[in-house]
Every structure is written in C-alpha cells, then in structure tokens.
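I opened the model to look up strand pairing, ring pairs and salt bridges. My entries follow in the order I made them.

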Amino acid sequence: VVDDHFSELKRLFVCLLCHSEECIEQRKLWRPLELPGVKVTWCDTIDSGSRQHIPRLETCWNPDGLQIDGMSLELPNRWVVLETAGPNICRVGSHWYDFARIFGQVAEACLVPTKSDIVHLVVRYLDSGGRGAYSAFKALTGKALYNPLTSVHGKDMCVLHAVYGTYSSLLRTAARGILPSKRLEWSSQVVALPKKPAKFQVKGPIYELYPLKRSSVSPSELLRIAPWGPAKLRLGKHRKCHLCIQDESAAVSNAHAELCLMVPLDYDGVADATVRLMVSDSSKNGTWVNEQRLAKERFEELKDGHVLRIADVARYAVRRFNTMGECQRALPPEEAPEFRVPACPHFLRDSTARSLVGQGTAQVVNGHPEDVAEGERKRQR
C-alpha cells in the first residue's frame, strides 16, 4: 500500500492478514529486518471491535495464576518528554501518570527509554487481585492512541502493545533497552530460615546453598535448610519461592526445582546420615547436580561438596554442617570448575580415554596434546 504522502515520506505499507500464531512468527522475521537505505517498522493489531475481542482477552489473562500488579505499554519516544537518559519517574499530575490512573489506583509509574524509538510506560497498581493491570490490559490491547502532545488528531496514531506481569519483572525487561546488550548477571533473594523454637533440641544438620561466581555474598543470598524449617522448599523465578532466582534470560522457570529434607520420625538431633536433602526438577531448561542433568520429577540426593546448577544461570555449592554455629563460621567454598560442553560426544570421549589410560604418554585427545593420565583426571572431575 502506497502512503498518501509518498512523495514526501517515501513510505510503503505491507499489510498481512493472518492468524495470531502466524502473526507472531512474521513479527520475528520483520522486526529485525535490515535493508540498505530502508527503515523497517513493525506494527500489529487485532480486530478489537469484534464481539470476540473481550472474551478472547479474558481467556489470555494470567493463566498461571501469578501475583500480577503491573502493566507495561510501548509508546513512540516522540510522545513523551524525558528528563534523563535512564528511567524517568512520572510525577503525580503528569499526563502519563493520570493516564495510568484511568484503570486503577497507581502506586508508581515510570517511563523507560530504549535504544530504539520506543519508550516503555511501566505502572504498578495498588488494586488487589491485579484489577488495575487487568483493566488496562483489557482496555488497551489491540487499540490505538493519538499523540497527546499534538492537537491535530489523525496525523500521529500508534497501535498499542500492552503487557501485564509483576512490576519488578516488567521494569527489568524494559531496562534491557538502556543497559549493555550482554547477558545480565543473575541475582537471588532468599526466604529467611525461621528461628529455632526454644523447645526444639535438635542442633542440626544444616544444609546450605552457597551461590558461586559472585564477588561478594550477603546472608540474604544463602539458602539454609534445617530440621526446624520447612521440609519442602521451592527454587525458581516466582517471588514466592524460597530461593527466588531473578534472571534476565528467562531460562529459569517460575517453579524450577524443589528441595525436600528427609528427616526420620525417630530423629534425636544427632547430625548423622539419617537426614538427607533431596532435589527434583520440574523445569523446561533442566537442573544439574555435578553437571549431571536430573530426570524429570525424580528425586536425587544432594551431598556435601555437590554443585547444583539451575538451567545455565545459577550455580550453588551444597554444604552440610553439624550445627548452625559451624555453618556461620565456615569460610566461603572454593570455586568449582565451570561446566564446558565436551568437544566430542561423550561416548567417543569416554571410549578414547579408557583406551589410553595407563599408557602415560603424550597423546592427542579431542585435538589437543595432553598427558593422558591428567586428561582422565580432568574428565572424571
């Protein structure tokens, strides 16, 4: 479709009519498209005037039952006035703050610029049950707005793209556009271990998950498991998990893994082998113990010295202590070696190493000369 002002704007429209699933695939192809001397902009919408629009949105709302309190809206950068290059807090009485108040009681609103021509309006609502975010999602999805900074309607209109979620996650997602393109380091928040009741005579054992590859670790990042605490603990991205792993790559599932402390009924408080810590995986991207991927929904024992890896993001050293005092006095663990993908399939590597063990001569394994005995020790580690 040729623009009415083609001679001035040199603009063409390519209009695609397709199902929503196909539209998503087309978006992936068109948005990063680069042509010499041509700027490609992708806009998508749905028939928001149809009778099926609202029922369709209701079926899409929060299928996982998360604690929704936020909404994010993509706006052209020409529609806003930014004071800083980073996130801009919307003051009470400003245009976009009042716009967000249409849908519910606003706790805070923020304008986050990106490297492109898009600005994210991220809003946190105080309404219980996510009513404010739901009202905004229902009213804005598939709709179009005029530029509020101009009085000439019809000349500057944009189709809206509304996203709901938790305010913190929406803000982190929007901030990717102003942060370096490298993968952001994961961080974790831990639900504190409850104090031991006065009548509880058991002293241990204490299990600890200590995060690796960190310059400094605070007590709030150490997950400690004790017999007087919860018997089951969840690990994942959801904020209600006992170990909440905040990750920008979306590799960590909301409920990624589960820890279970197995304590016998006749346990007398002696720190021996009768108490065991088990882990099971319930994620898409996997959980590893000493670089061995766990089978789905099957428990594996975690022992002192093991390394627990959550997807390709977070790595924890597993430590076991007899008492809490011993746990608190312990030095940080030595860093475990990073996992590296083998240079050849494991069955070829294993057979090659077994055939060379004991010769003690320099050989070429996986294309690199090395001492075979040392190579076997590395392989076992």
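I began at Pro76, which stands opposite Ile118 in S4. I note that this is a predicted model, in which local features need pLDDT of at least 70, side-chain atom pairs count only at pLDDT 80 or more, and totals for chains, interfaces and linings use all residues. Residues are numbered from 1 along each chain as its sequence is written, and side-chain values use heavy atoms, with hydrogens and water left out.

I take helices (H or I, at least four residues) and strands (E, at least two) as DSSP runs numbered from the N terminus; two strands pair if DSSP finds at least two bridges between them.

I listed the partners of S1. Strand S1 (residues 70-76) runs antiparallel to strand S4 (residues 118-125), with 7 bridges joining them. Glu74 has His120 as its bridge partner in S4. S1 is also antiparallel to S7, through 4 bridges, and Gly70 has Gly165 as its bridge partner there.

I then wrote down the sheet: it is open, has 5 strands in the order S2-S3-S4-S1-S7, and pairs antiparallel. Strand S2 (88-89) and strand S7 (162-165) are at the edges with a single partner strand each, so one side of each has no neighbour in the sheet.

I checked burial next (buried is under 20% relative accessible area, exposed over 50%, partly exposed in between; 1.4 Å probe, protein chains only). In S1, 7 of the 7 residues are buried, so the strand is largely enclosed by the rest of the structure. Gly70, Ser72, Glu74 and Pro76 point one way, and Met71, Leu73 and Leu75 point the other way.

**Ring pairs**

I searched the whole structure for aromatic pairs and got 3. Rings of Phe, Tyr and Trp (its six-membered ring) pair if their centres lie within 6.5 Å; planes under 30 degrees apart count as stacked, over 60 as edge-to-face and the rest as tilted. Phe99 and Phe103 are edge-to-face, at 5.6 Å centre to centre and 80 degrees between the planes. Both Phe99 and Phe103 are buried. The ring centres of Phe137 and Tyr164 are 5.1 Å apart with the planes at 80 degrees, so this pair is edge-to-face. Phe137 is in helix H5 and Tyr164 in strand S7, so the pair ties together parts 27 residues apart in sequence. Phe137 counts as buried at 7% relative accessibility. I also logged one aromatic cluster, formed by Trp96, Phe99 and Phe103.

**Salt bridges**

Which residues meet in salt bridges? I found 7 salt bridges in the whole structure, counting a side-chain nitrogen of Lys or Arg within 4 Å of a carboxyl oxygen of Asp or Glu. Among them, Glu83 and Arg91 meet at 2.7 Å, N to O. Glu83 is exposed at 57% relative accessible area, and Arg91 is exposed at 53%.

Glu108 and Arg124 form a salt bridge at 2.9 Å, N to O. Glu108 lies in strand S3 (residues 106-113) and Arg124 in strand S4, so the pair ties together parts that are 16 residues apart in sequence.

Glu208 and Arg224 also meet at 2.9 Å, N to O. This pair links strand S9 (residues 206-211), which holds Glu208, to strand S10 (residues 223-225), which holds Arg224. Glu208 counts as buried at 1% relative accessibility, whereas Arg224 counts as partly exposed at 22%. Salt bridges that share partners join Glu208, Arg224 and Arg319 into one network.
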